[in-house]
Each structure stands twice: as structure tokens, then as C-alpha cells.
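A colleague asked for a short note to read beside the structure. The sequence and the model come next, and the points after them can be taken in order.

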Amino acid sequence: MADQLISNDDVLAKDLRDPEFRVEWERTALARWLAVEVARYRAEHDLSQRQLAERLGVHQSDLARMEAGEHAPSLDRLVRVAGGLDIELMIDIRPEKKAARLPKKRALDAGSFAVGGCEIVLATA
């Protein structure tokens, strides 16, 4: 029986051949990443959704939507999560096939500002 099961990776590879599915999968990539990180943090710290929502300054229903991973988070939401979870979050946005050229020191030299108790570092290359 187990030898007849199809792996999650195989199912995903098949689904990604569908152009409409691929567009939606790529559109929700950041949301799925955030969902996994928030759920992992909550589990590791033995917190309920309500408790973590209070820590992040959001409603429990907002946290449930985050954990569902279906809606792309805003920059404000990412700042709230980084501050509430006391984590460093770095976002590198560049053309898909272009190598990263912004080491942290160069980014720090470019300028930063504080938002919601977090330092935001911006740079371009």
C-alpha cells in the first residue's frame, strides 16, 4: 500500500505544470512562508493563536489568516511579525535570475529607519 502512495513533491510537480496553478502558487509564496514561520514559532513557544495575536498586536482572526497562507502580507504586517517575534527579517527583491549584490554592510551604509520598533534597512544595487 505505502509503495503506491504519491509523494507531496510529485503531486506538487504535477500541479505546477498547470499554468493557472503555477501563477497562484508563485503569488502566494510569501504568504505560505509567513504561515510556516508563524505556526512554527507558535508551536515552539506553546502559544495559542489568541496569545500570539496579542503579542503581535493583531486580532486572532488576523493570525488565523496569516497561518492559512493564502494572502500576501503587507510590509506593515511583516514589520509587526518581526517585532512581535523578536526576529530579524531581511527581504531581498531582485530579478529572478540576477545574483544578489547587496551584502549587509553595504545595505546598512545605504540608510535605515525605524518603524514599529524595528529597523528597516534599504539599499539598491
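1. What is shown here is a predicted model, and the chain in it contains seven helices and two strands.

2. Of the 125 residues in the chain, 22% are buried. Where contacts are counted between residues at least 6 apart in sequence, 40% of them join residues at least 24 apart.

3. The helix α3, residues 29-44, meets the helix α4, residues 49-56, with axes that come within 10 Å and cross at roughly 110 degrees. The two helices are therefore roughly perpendicular to each other, since angles from 65 to 115 degrees are counted in that way. The crossing in which α3 passes α4 is right-handed.

4. On the side of α3, this contact involves Val38, Tyr41 and Arg42, and on the side of α4 it involves Gln49, Leu52 and Arg55. Sorted by class, the residues of the contact between α3 and α4 are three nonpolar, one polar and two charged.

5. The helix α3 also meets α6, residues 75-85, and here the axes come within 12 Å and cross at roughly 20 degrees. That angle makes α3 roughly parallel to α6, because angles under 35 degrees are counted as roughly parallel. In this case α3 passes α6 in a left-handed crossing.

6. The residues that make the contact are Leu30, Leu34, Val38 and Tyr41 from α3, together with Leu78, Val81 and Leu85 from α6. By class, the contact of α3 with α6 has seven nonpolar residues, with no polar and no charged ones.

7. Threonine 28 lies in the loop between α2, residues 19-27, and α3. With a relative accessibility of 8%, threonine 28 counts as buried, because the cut-off for buried is under 20%. The side chain of threonine 28 reaches the backbone oxygen of tryptophan 25 at 3.4 Å. When neighbours within four places in sequence are set aside, threonine 28 is in contact with Gly69 and Glu70.

8. Which side chain does aspartate 62 join in a polar contact? Aspartate 62 is placed in helix α5, residues 60-68, and is buried, with a relative accessible area of 17%. The polar contact joins the side chain of aspartate 62 to that of arginine 65, at 2.5 Å.

9. Aspartate 46, in the loop between α3 and α4, has a phi near 50 degrees, which is a positive value in a residue other than glycine. Aspartate 46 is exposed, with a relative accessible area of 69%.

10. Aspartate 86 has its place in the loop between α6 and α7, the latter being residues 104-110. Although aspartate 86 is not a glycine, its phi is positive, at about 55 degrees. With a relative accessibility of 73%, aspartate 86 counts as exposed, because the cut-off for exposed is over 50%.

Terms used:
Residues are numbered from 1 along each chain as its sequence is written. This is a predicted model: local features need pLDDT of at least 70, side-chain atom pairs count only at pLDDT 80 or more; totals for chains, interfaces and linings use all residues. Side-chain values use heavy atoms; hydrogens and water are left out. Axes are lines fitted to C-alpha atoms, for helices over the stretch in contact, and angles run from 0 to 180 degrees between N-to-C directions. Helices (H or I, at least four residues) and strands (E, at least two) are DSSP runs, numbered from the N terminus. Angles under 35 degrees count as roughly parallel, over 145 as roughly antiparallel, 65 to 115 as roughly perpendicular and the rest as oblique. A crossing is left-handed if the near helix is turned anticlockwise from the far one by less than a right angle, and right-handed if clockwise. Contact means heavy atoms within 4.5 Å. Ala, Val, Leu, Ile, Met, Phe, Trp, Tyr, Cys and Pro count as nonpolar, Asp, Glu, Lys and Arg as charged, and the others, Gly among them, as polar. Buried means under 20% relative accessible area, exposed over 50%, partly exposed in between (1.4 Å probe, protein chains only). A polar contact is a pair of N or O atoms within 3.5 Å; within protein, one must be able to donate a hydrogen and the other to accept it, and residues adjacent in sequence count only if both atoms are side-chain atoms.
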